[in-house]
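Morning, everyone. I have one model to show today. Let me put it on the screen.

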Amino acid sequence: MATDSAAGQSPSRGKRADAQRNRQTLLTAAAEVFVTSGVDAPIRQIAARAGVGIATIYRHFPTRADLVTAVYRHQIEACAEAGPDLLAGADSPLDALSRWIDLFVDFLVTKHGLADALQSDNDRFAALHTYFLDRLLPVCAQLLDAAVEAGEVRPGTQPYELMRGIGNLCIGRDDDPRYDPRRLIALLLRGLQRPHAS
């Protein structure tokens, strides 16, 4: 019979938890580096941000495509899991929707350059796009429906078209410092609101 550690976990379970935390730290660091330096950033830059050696990154992610894919999935999960939490804790469904859209925009910024990085692996990219829609469309629908039911947003907007519109407004953000997609997204959201919604 295995003995538990002082923390109440078996040693193997503790190692698995440590490995998972290390992986999450690497993914968070990589996402931050991708925002500032793109998905082709040197691995040593990601390692420095995470506070680990380069070998640690390659142990978890043998290729750059593995790392980029894992970051993409990690960001999708964070965005998906935030939706219900925001709806439960926000002042109103409209506030929850607005805050989720802000997270979604952050995600789209992190995603910048993914298609080029995975150009040689089209099947993987197609699977990620499907995963993206499967995870995020229901969350957007839940938030949008709640805002409509609360009388804060006009009915009739489809979650896919809202997400697609936001994505299109984010295109070209890096090419022109005078362009702020968040300002236009805020205008889009105001346009969805019923006249009496604040």
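I'll start with a single residue. Ala-82 is buried, because its relative accessible area is 14% and the cut-off for buried is under 20%. Keep in mind that this is a predicted model.

Where does Ala-82 sit? It is in helix α4, which covers residues 64-89. And what does Ala-82 touch, once residues up to four places away in sequence are left out? The answer is Trp-100 and Leu-103. Now look at Phe-104. Along the chain, Phe-104 and Ala-82 are 22 residues apart. Their C-alpha atoms are separated by 9.9 Å.

Let's zoom out to the whole chain. The protein has nine helices and zero strands. Reading along the sequence, you get α-α-α-α-α-α-α-α-α. There are 198 residues, and 37% of them count as buried. The accessible surface comes to about 11200 Å². Carbon and sulfur atoms account for 51% of that surface.

How about contacts across the sequence? Take the contacts between residues at least 6 apart. Of those, 65% join residues at least 24 apart.

Next, one helix pair. Two packed helices are described by the angle between their axes and the distance between the axes. My pair is α8, residues 159-170, and α9, residues 181-192. The angle is about 155°. The axes lie 9 Å apart. So α8 is roughly antiparallel to α9, because angles over 145 degrees count that way. Is the crossing left-handed or right-handed? For α8 and α9, it is right-handed.

Which residues make this contact? On the α8 side, they are Leu-162, Ile-166, Leu-169 and Cys-170. On the α9 side, they are Pro-181, Leu-184, Ile-185, Leu-188 and Leu-192. By class, the contact of α8 with α9 has nine nonpolar residues, no polar ones and no charged ones.

To recap. We have a predicted model with nine helices and zero strands. Ala-82 is buried, and it touches Trp-100 and Leu-103. Helices α8 and α9 cross right-handed, and the residues of their contact include nine nonpolar and no charged. Thanks, that's my part.

Definitions and conventions
Residues are numbered from 1 along each chain as its sequence is written. This is a predicted model: local features need pLDDT of at least 70, side-chain atom pairs count only at pLDDT 80 or more; totals for chains, interfaces and linings use all residues. Side-chain values use heavy atoms; hydrogens and water are left out. Helices (H or I, at least four residues) and strands (E, at least two) are DSSP runs, numbered from the N terminus. Buried means under 20% relative accessible area, exposed over 50%, partly exposed in between (1.4 Å probe, protein chains only). Contact means heavy atoms within 4.5 Å. Accessible areas come from the Shrake-Rupley method with a 1.4 Å probe; for residues, only the protein chains shown count as cover. Axes are lines fitted to C-alpha atoms, for helices over the stretch in contact, and angles run from 0 to 180 degrees between N-to-C directions. Angles under 35 degrees count as roughly parallel, over 145 as roughly antiparallel, 65 to 115 as roughly perpendicular and the rest as oblique. A crossing is left-handed if the near helix is turned anticlockwise from the far one by less than a right angle, and right-handed if clockwise. Ala, Val, Leu, Ile, Met, Phe, Trp, Tyr, Cys and Pro count as nonpolar, Asp, Glu, Lys and Arg as charged, and the others, Gly among them, as polar.
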